[in-house]
Amino acid sequence: MGDKLADLQSRKDEAYQAGSPRAIERQHAKGKMLARERIDVLLDPGSFNELDLLARHRAHAAGLEEHPYTDGVITGWGTIDGRKVFVFSQDFTVFGGALGEVFAEKIHKVMDLALKVGAPVIGLNDGAGARIQEGVVSLASYGGIFHRNVLSSGVVPQISVILGPCAGGAVYSPAMTDFIFMVQETSHMFITGPDVVKTVTGEEVTLEELGGAMSHASKSGVATFVSPDEKACLEDVRYLLSFLPSNNLEAPPMGAATDDPERLCVGLREIMPPNPNQPYDMKRVIREVVDDAEFFEYFTHWARSIVCGFGRLNGRTVGIVGNQPMMLAGILDIESSEKAARFVRTCDAFNIPLITFVDVPGFLPGVDQEYGGIIRHGAKLLYAYCEATVPRIQVITRKAYGGAYVVMNSKSIGADLAYAWPTAELAVMGPQGAVEIIYRRELQQAADPTARRAELVTEYTEKYANPYAAAERGYIDDVIDPAETRVKLIAGLELLSSKREELPKRKHGNMPL
């Protein structure tokens, strides 16, 4: 037995040292951690249980003469804040982290286990794509990952962390997960690299411009979160998981109730500018209301006319959506509709109540928006809210005009509770536009059109641009003092904590994709 134990230890020592000293040195020189170092930062100390440590490839193609243990990916399970998670960490020091048959089988195994036991999957991506030497086997192996991504979608949280290159077909697995984290300067995602782009289109673009973290965070809407370095990125992953349940059959974890549930948000009484066309920061409203002003924003750099993210109210996880008057007056456009729709569906999948702050003047007009499909994309947000069965509360802070008001979680599409501040304006359109349409002939015939227009705008504002007509009809449940917003939301969430609602039986709906 002694000899066999020694042989076992020797093999394990070899597996733990996978990757040549030169490859390890190059990885560190780029400011990147090794695959195991990343797992150590991500998971609770000593909690990692590795699977398939001694696995290695079975191929015999040229360039694959070596058969290193692990085959270039570290897989297993551990805990984050004491809660079980599954993880795979691609090892760039072994075959450049390229995926082959055995590499993929290891990932398939942890994804299958995660689905069976109901635990999140975290993929630490740092690889060169498909292993060319294994040909079509590599491509089929990717297909197995993609298929499992779809089966797991909405069942267990799936998180992709891009810590190096992720190119070609490899990008589609992260694209189907719930959240994508990237690191500035070291993370890159693209279908085709700069050289291919130049050959095909003649465009010259750098690696960072084409597929860097900030490009995907601000332009493409691919990167959900961006961090300055790997350690901060992995800590953000841990923080995100503190808001999420382990699976779709569990409630989100309750945090400690460290903020007074009866606290009045007195600052909100002064936040609204006297001129209804002046902006204010919706993030300030959100931070005033949530516990300890903690708000973890989703897609911070993309589609900034809408704000989405996670917070807590009396320790209870909530998903928050709010129009941002600081950007395009909080208008809904193609990108903001997609961003919010994705967030609403994510929250609904994982039993996270939704709070919606409304200050929306409408949908963005323009030829580009119409040709780009604002009708179809705007309908995504409408569909997402209509389909959501989690507790849903709406708070109208100021403008709530036209179809955009309806889309933003109104009572008519299923909001459980709807509140409005006294500054709320619920109408088909703003007073200026309404007067121009309703009183066009009168204004054309008026002796002083400017003075008459001002009178009519004042009359329309007093009659329609307020929350009371909606309150009379029950479209909002109460007009509240802004300072009471936090108290009302906490009471509403407590009421709705036992909400049960089922959609009609069907295979799936046909969302306007």
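## Briefing: strands, salt bridges and a surface patch

A349 counts as partly exposed, at 25% relative accessibility. Here buried means under 20% relative accessible area, exposed means over 50%, and partly exposed lies in between (1.4 Å probe, protein chains only). This is a predicted model: local features need pLDDT of at least 70, side-chain atom pairs count only at pLDDT 80 or more, and totals for chains, interfaces and linings use all residues. Residues are numbered from 1 along each chain as its sequence is written, and side-chain values use heavy atoms, with hydrogens and water left out.

**A349 and its surroundings**

- A349 lies in helix α12, residues 334-349. Helices (H or I, at least four residues) and strands (E, at least two) are DSSP runs, numbered from the N terminus.
- Leaving aside neighbours within four places in sequence, A349 is in contact with G154 and N248. Contact means heavy atoms within 4.5 Å.
- A349 and T70 are 279 residues apart along the chain, and their C-alpha atoms are separated by 34 Å.

- β2 and β3 pair in the antiparallel sense over eight bridges. Two strands pair if DSSP finds at least two bridges between them.
- V73 has Q90 in β3 as its bridge partner.
- β2 and β3 form a hairpin with two residues between them. In the turn, D81 has a positive phi of about 55 degrees.
- On the parallel side, β3 pairs with strand β4 (residues 121-125) over four bridges. S89 stands opposite L124 in β4.
- β3, α4 and β4 make a right-handed β-α-β unit. Right-handed means that, with the strands pointing away from the viewer, the path from the first strand over the helix to the second runs clockwise.
- Strand β3 (residues 83-90) is largely enclosed by the rest of the structure, because six of its eight residues are buried.

**Salt bridges**

- The count comes to 32 salt bridges. The rule asks for a side-chain nitrogen of Lys or Arg within 4 Å of a carboxyl oxygen of Asp or Glu.
- R58 and E101 meet through their side chains in a salt bridge (3.6 Å, N to O). This pair links distant parts of the chain, 43 residues apart: R58 is in the loop between β1 and β2, and E101 is in helix α4 (residues 101-117).
- R58 is partly exposed at 47% relative accessibility. E101 is partly exposed too, with a relative accessible area of 30%.
- R452 and E442 form a salt bridge at 2.6 Å, N to O. Their link also joins distant parts of the chain, ten residues apart: R452 sits in helix α18 (residues 449-464), E442 in helix α17 (residues 440-445).
- R452 is partly exposed, with a relative accessible area of 22%. For E442, also partly exposed, the value is 32%.
- The side chains of R263 and D259 form a salt bridge at 2.9 Å, N to O. R263 counts as partly exposed at 22% relative accessibility, whereas D259 counts as buried at 12%.
- K32, R38, D126 and E230 are linked in a network of salt bridges.

**Nonpolar surface patch**

- M1, L5, L8 and L54 form a nonpolar patch on the surface, with about 400 Å² of accessible area together.
- Patch residues have over 30% relative accessible area and no salt bridge; like charges are joined within 9 Å, nonpolar side chains (Val, Leu, Ile, Met, Phe, Trp, Tyr) within 5 Å. Areas come from the Shrake-Rupley method with a 1.4 Å probe; for residues, only the protein chains shown count as cover.
- L54 lies in the loop between β1 (49-51) and β2 (73-80). L54 is partly exposed, with a relative accessible area of 35%.
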